[in-house]
Amino acid sequence: MAETAKTTMSAIGDARRTQIVQAARTICLEKGFSKITISDIAEHVGMTRSLFYHYFQDKNQVADAVLDDVINEVIARLEEWNEHRETGNISKALDDVVRLTRSLIADEGPFSQRLIEDGNAGLYLRFIDRAADRISDYLCSSTVREFKQHHGMPITYEHETFYTLIVGLISLIRLHPDIDDAIVRQVAAQTLHLDEYL
């Protein structure tokens, strides 16, 4: 019986944490993260400030949870892409990744833009760094591993290469949103030494 009560309390705690993160994310989009107060978040969720501190130590811890929430959505989209991609069709995979990168930038764009406008460049950089690291981890443990089994690996330091490529592509597309997809695709192919497989 005591184990059931612990499980129930844990589920309630997880649900509350999720509510707090969603509230902070919503408020961040409305007025920027630097202007959010603990009281804003607590009020939005319908709890006291003291109860908020039961779930998070401070606003920075909530910020990290918000970043993770956004990144989890990105990883979920990558997992969906990976489930439906054509195994062995490297050309299509590159095209898909370019489209996916553009859509991810567009979808998380308001969040990133709000961080930048609000003077939270440090938080934005943390977001990009963590997103690129998690995406690289996912790709290296899935798509890259499969490619390596079939073809060998034309690059070394796979995680670091993908991390650099992801950060670079995000910056390139943000700075030059009208850049042709064929150029982005070729940059990715060159960086990953995939020309001979196309």
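**Entry 1: the loop between H7 and H8**

I looked up Tyr157 and found it in the loop between H7 and helix H8, which covers 158-175. The model I am reading is predicted. I then examined the backbone at Tyr157: phi is near 50 degrees, a positive value in a residue other than glycine. I noted for context that most residues other than glycine have a negative phi.

His193 is not a glycine, yet its phi is positive, at about 55 degrees. I looked up its accessibility as well: the relative value is 47%, so His193 counts as partly exposed.

**Entry 2: helix H5**

I followed helix H5 over residues 90-117, a run of 28 residues. From its first C-alpha to its last, H5 reaches 38 Å, close to the 40 Å expected at 1.5 Å a residue. Where does H5 bend? I located the bend at Gly109, where it amounts to about 55 degrees. A proline, Pro110, follows within four residues. Beyond the helix I recorded Gly119, which follows H5 and has a positive phi near 80 degrees.

**Entry 3: H6 against H7**

I compared the axes of helix H6 (residues 121-141) and helix H7 (residues 143-151). The two axes come within 3 Å and cross at roughly 35 degrees. Which residues meet here? On the H6 side I listed Leu139, Cys140 and Ser141, and on the H7 side Thr143, Val144 and Arg145. Sorted by class, this contact of H6 with H7 has three nonpolar, two polar and one charged residues.

**Entry 4: the chain as a whole**

I closed with the chain itself. It has nine helices and zero strands, so that I read its elements from the N terminus on as α-α-α-α-α-α-α-α-α. The C-alpha atoms fill a box of roughly 60 × 45 × 25 Å along the principal axes. Of the 198 residues in the chain, buried residues make up 40%. I also looked up the accessible surface: the chain exposes about 11100 Å², and carbon and sulfur atoms supply 54% of it. Among contacts in the chain with a separation of 6 or more, residues 24 or more positions apart account for 67%.

How values were computed:
Residues are numbered from 1 along each chain as its sequence is written. This is a predicted model: local features need pLDDT of at least 70, side-chain atom pairs count only at pLDDT 80 or more; totals for chains, interfaces and linings use all residues. Side-chain values use heavy atoms; hydrogens and water are left out. Axes are lines fitted to C-alpha atoms, for helices over the stretch in contact, and angles run from 0 to 180 degrees between N-to-C directions. Helices (H or I, at least four residues) and strands (E, at least two) are DSSP runs, numbered from the N terminus. Contact means heavy atoms within 4.5 Å. Ala, Val, Leu, Ile, Met, Phe, Trp, Tyr, Cys and Pro count as nonpolar, Asp, Glu, Lys and Arg as charged, and the others, Gly among them, as polar. The expected span of a helix is 1.5 Å times one less than its number of residues. The bend at a residue is the angle between axes fitted to the seven residues ending there and the seven starting there. Buried means under 20% relative accessible area, exposed over 50%, partly exposed in between (1.4 Å probe, protein chains only). Accessible areas come from the Shrake-Rupley method with a 1.4 Å probe; for residues, only the protein chains shown count as cover.
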